Amino acid sequence: MSALLEVSGLSRRFGGLLAVNDVSFSVGQGAIVGLLGPNGSGKTTVLNMISGHLLPSGGDISLHGKRISGLGASRISKHGVARTFQLVRALPSLTVVENVTVALAFGRQKLWGVAARERAMGFLDQVGLAHRADHLAEDLTYIDQKRMELARALAADPELLLLDEWLAGLNPTELQSGIGLIRSLGSSGITILMVEHVMEAIRALCSQCVIMNAGVKIADAPTADALSDPAVITAYLGEQHA
Ligand SMILES: Nc1ncnc2c1ncn2[C@@H]1O[C@H](COP(=O)(O)OP(=O)(O)OP(=O)(O)O)[C@@H](O)[C@H]1O
């Protein structure tokens, strides 16, 4: 599998804190890869640098071998990178379908009007939210807000989709449907890098896991191997369990 995303020697400093320290990994085209680690280990900071919401202090990020690190978020999105955020970012006083059409207008496809609405309805259908298209975004339940945010990310026509704890806080039924949805996005050819804490989802979806602790990469292997690595068990559970 050829690499779509390559992260090499990536670092990010916040004042005296080295939040991400010389992290390298790659994500193969079409793969679903987990980015894991205890709270505060630097996962979101890595996603923020890949999506261009934060500049790296050092290192390189490339997509299809082309350097994207240092470009801003909107230019990186034009290269085919889209994301969701831990806290959903929506336009609350617009309807659900309007939220998605805004993303289409500013995305790679620049669609407007009736064509945009039709396309947006397709994405809402894909994420199971077409029946709420004309509801105000602010009236959505938590899971539906997450579905809408995913539809907005899909509207950007991503080749690489970054999910930041998209499955967090879902009940068991919602979780199964969320896992199915991510799997179907992967099957449609979108490459996915997902920060996630829900182990059931990681085991079900991810072929490979990159695991961080205190800013440093401590494992990078097929999922079962990564999760059974003694360094990973120690990072999550403490010395006595390794
Ligand atoms: N903008 C910022 N300014 C200062 N420190 C920050 C900033 N963003 C993150 N940090 C710090 O960097 C470290 C890594 O944070 P990050 O959010 O990347 O971790 P995480 O692994 O995603 O954690 P979680 O699982 O809790 O979301 C933490 O110590 C955090 O407090």
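**Around the ligand, and on to a strand**

Tutor: Let's start with the kinds of residue around the ligand: the shell holds three nonpolar, seven polar and one charged residues. Here Ala, Val, Leu, Ile, Met, Phe, Trp, Tyr, Cys and Pro count as nonpolar, Asp, Glu, Lys and Arg as charged, and the others, Gly among them, as polar. Keep in mind that this is a predicted model, in which local features need pLDDT of at least 70 and side-chain atom pairs count only at pLDDT 80 or more, while totals for chains, interfaces and linings use all residues. Residue numbers start from 1 along each chain as its sequence is written.

Now you can pick out the shell by name: Phe-14, Leu-17, Ala-19, Gly-37, Asn-39, Gly-40, Ser-41, Gly-42, Lys-43, Thr-44 and Thr-45 surround the ligand (a residue is near a molecule if its C-beta atom, placed from the backbone, lies within 6 Å of it). Two elements, β2 (17–28) and α1 (43–51), each give two or more residues to this shell (helices are DSSP runs of H or I with at least four residues, strands are runs of E with at least two, and both are numbered from the N terminus). The largest share, three residues, belongs to α1.

Next, follow the chain along to strand β9 (residues 208–213). Of its six residues, five are buried, so the strand is mostly covered (buried means 20 or more other C-beta atoms within 10 Å of the residue's own, exposed means 12 or fewer, and partly exposed lies in between). What does β9 pair with? On one hand, β9 and strand β3 (residues 32–36) run parallel and are joined by four bridges (two strands pair if DSSP finds at least two bridges between them). In this pairing, Gly-34 stands opposite Cys-209 of β9. On the other hand, β9 pairs with strand β10 (residues 216–222) in the antiparallel sense, over six bridges. There, Gln-208 has Pro-222 in β10 as its bridge partner. The hairpin of β9 and β10 has two residues between the strands, and Ala-214 in it takes a positive phi near 50 degrees.

For a contrast in covering, look at Glu-174, which sits in helix α6 (residues 172–187). Glu-174 counts as partly exposed because 17 C-beta neighbours lie inside 10 Å. From Glu-174 to Val-97 you count 77 residues in sequence, and their C-alpha atoms are 21 Å apart in space.
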